[in-house]
Amino acid sequence: MSELVAAEDVLLFVNAAVTATGQREFRSSAAEQRLSLGFLHEYVRVNYRPLYASCLALDINDHNAALVVEQLLRTPGEAGDGEGRLVAARLARMAPQRVYRLFGRLREAGVNNRRTRAIVREWLAARPDPALDAVKYRSGVKGALRHAHLPPADAETGDFLFAPGKRVRYGNPTLEAYRRAHYDESAVYALPFSVAEGFAARHGVDRKVFLERIAPRMTRLERLRTTRTAGPGADLRGMPLTRLALHVLALPFAERAERRGELTGALRAAALRAAGPYAGSWGRVAAVLDDSFSSSGSAVKRRRPLAVALGCHFLLEALAAPGAYTGLWTSGGTDPLLVRPDGPTPLGLRILDALDGGPERLVIVSDGWDNAPPGLAGEVLRVWRSRLDPERRTAAVHVNPVYDAGVFDVRRLGPSVPAVGIRDAEDLPALVEIAGFAEGRTGLTELRTYLDRRVADFLAGHGEGEKA
Amino acid sequence: MTRIDLTGLGVRPAQVWGGVRLVPLVRAEPVGGLRLHREAYGSGVRRDGGGRDGGYVSHLSAPSSVDAGDGTVYTSYIPHGFVADWSGTDREEAVYGTRLGDGPPATVPLRAPHHRFAKRRRGERRLRFLPLHLALDGYLSLHFGGPPVLWEEWSRDALRRGLSPRAEAAYAGVEVPGLAEALRIFELHPGQCGVLVYAADALAGAFVVPHPEDYRLLHPTLVEDLYGEQVHQYAHYGAPVPDFTARIRDGAGGIRNLADLRAAAREQERRWAEAHDGLMARDLLETPYAFERVYRMGSFALYRFLPPFLRDGREQHIGELITDHKGRTAYLKTFRLSDAQVRRGYLLRRLASCDWHVGRAAEALGTAPEELVRRIRAAGFGELLDAHGLAQARRKRQEG
């Protein structure tokens, strides 16, 4: 019994760690989300520490990965084997600004044990361009060096950070560009975008001209973010699926209709990339996609649930056998590109429509607030599972992009269909695997085996990355 | 016409948030020939008024004062007004404070006593009125004139000035706990033209408009409307209400294929609609009201109505409505009276029916005159009584 409870607790935590970002959601405030998530982290760390650490190998989001790392480093006395390697491997994959913020939090909390210092040292040593970091994340680098008692990467960077007036000029081109950018407009374009923005404003450079000239220095996401002001023609190839979906949903309807071919092509290409080896292997697939008003998310997560649904639409299309996919939106709309978050959530009736086709797989993408009428989706799935499909010809899974702070989990439709949290549509294949555990019939042993396999893969991937 | 007729409006499943339950009403097709718009008054000081995380922006205006002409000044706080438009042009654009013409927007001209809150500009096929003011005005002016005969128990002031000044308290929607949040996360149904608001499962108010587009625009104004004292208390002290979740009976052989399952799912929707109309909204729909026509606009008529003020424990609502020529409701807005307000209405009714004669009224009520006097005092009408006259009357009764 306790094994089942443990497995349930860990899966609940994985769901939370995949979806929750501590930000405001449609139905709960940021404070509620943070409170709920903070409790969950502590509960799982205290009770299932090894499993808690191995969650770092799963596709949990960066916010939660940073929280897990922080919790692990705060309590070194209880640490188990291999935690340090997991932490190092996860930090190596995280965005540097998040890692610097994490180091800052550790500093504030006065966490300065030997393991923490070693992790900071190794992470900083692995940074490809310390001078760029010193310019772009100046206070973060300074704080990390001070906190871990580390020497700067080289003498010039050290002077740049801690004795800025000491040198008349720098040998390193990035540091030199930063110095010159104070008076020389042309040097601005040798700096990273986020730093250059401030200098451009100081020099009074026209935004449009600035964006055009800085373009080569932008990261991929910065380019996507500024493409609205820079004008269309941005390169959408190579964008991750969910980012692309978010970008598409941010465009006005007229533009979406106008650029239909281009946008659909980009979404299809991203979905094929995400599907990878699984493409075309899922057979007949039916999806129920939630585009009710609640999928508009919140001011800080604008249209996120809807973007996940849109991403899943294209991904499932790629995963299904050619021509064997049906996507049903709750609003009854048929054009995925012009989808808008509006109206109630009649999930139950849409699920019935989806089952009419006799699919091999049924995927429901929804925040779980089934309200027209409430609870009908759970009832339909229960009756269908117990009366009409007891042999499980159809595999059903509910993926939920919204963390419900009140229940410490994603909201479920009912016990008869497993619910898993989802952050990016790309993770769908891996999540469907986890959903097998969430059906409550597999115990802790299987879950442990699965996690060990994921950890091994994860660490192996990290090792290769280091060698390369 | 004695009842509210909600023909053409269908009930859809309720959405619950905390102690607030919102029941959407949808129309298969909008009422032709009448549109309702919102009108913002005043300078429009913007303020965030929507609960924890901010939601709606309410438009506050400075209290506006209007000279009624005979030296009386009417001062009111007006969050927003409505414009009923029966010109039939059915323009699609949202009208928001743009239909006032060139007049200063903060004022509402008042002339004829009954048309005070509904004003039509000359030659226009549009009527402007303030939501719920008509209804509240109707309730406040109930037997406003006071006693017609100076029986000894009543003071001279009672005869001279009636019930003036007469006041009742109400709460703005933002002060009703949980209402703003519930309205913010409410998912509008396609074709939705109205909503019934329940606080702790007591009907707090009904709101119906002629066209779904109007409803979409006016939905946020629900948070600026007036709600009775009782609604505020219920929302404040009431526990979260449960969802009426669907249940499909699948006993032996009940459901054999998907078609059966679909039929059972449809059945759930129908049963909810029946249960709602018969159980939750019964008091609103089945009470006979006293309707008073305030305005006639083409084939539509604007009414206000008062409940029978019966003390049988049922909900009592006041409100205003616009009906088409067949008596079907195009616009409806109600206000739930608290028990104390119902008691006051009841008392005034009974007194008036006995020409304000305390002895006869007490007899009609089956109680002693002393008890009736106590009730008059408890209802807040003590100032109408004359202490000397009361003492005299009591002495007479004792002697007699």
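Q: How many residues does the contact take from chain B and from chain A?
A: Keep in mind that this is a predicted model. Residues count as touching here when their C-beta atoms, placed from the backbone, lie within 7 Å. On that basis, the contact takes 28 residues from chain A and 26 residues from chain B.

Q: Which helix of chain B gives the largest share of the side that touches chain A?
A: By class, this side of chain B has 12 nonpolar, nine charged and five polar residues. Its largest share is seven residues, and they come from a helix spanning residues 258-280 of chain B, helix α6.

Q: Why do β2 and β7 of chain A each have one side without a neighbour in the sheet?
A: The strands of this open sheet pair in parallel, in the order β2-β1-β3-β4-β7 (chain A). β2 (325-329) and β7 (419-421) therefore stand at the edges, and one side of each lacks a neighbour because each has a single partner strand.

Q: In β2(A), what is the bridge partner of V288(A)?
A: Strand β1 of chain A, residues 285-289, runs parallel to β2(A) and is joined to it by five bridges. Within β2(A), the partner of V288(A) is L328(A).

Q: What angle does helix α21 of chain A make with β7(A)?
A: Let's look at the helices on the sheet. Helix α1 (residues 2-19) of chain A lies across β4 and β7 of chain A, at about 40° to β7(A). Helix α21 (residues 428-438) of chain A also touches β4 and β7 of chain A, and its direction relative to that of β7(A) is about 135°.

How values were computed. Residues numbered from 1 in each chain as written. Chains lettered and ligands numbered in written order. Predicted model: local features only at pLDDT ≥ 70, side-chain atom pairs only at ≥ 80, totals over all residues. Contact = placed C-beta atoms within 7 Å. Helix = DSSP H or I, 4+ residues; strand = E, 2+ residues; numbered from the N terminus. Nonpolar A, V, L, I, M, F, W, Y, C, P; charged D, E, K, R; others polar. Pairing = 2+ DSSP bridges. Axes fitted to C-alpha atoms, helices over the stretch in contact; angles between N-to-C directions.
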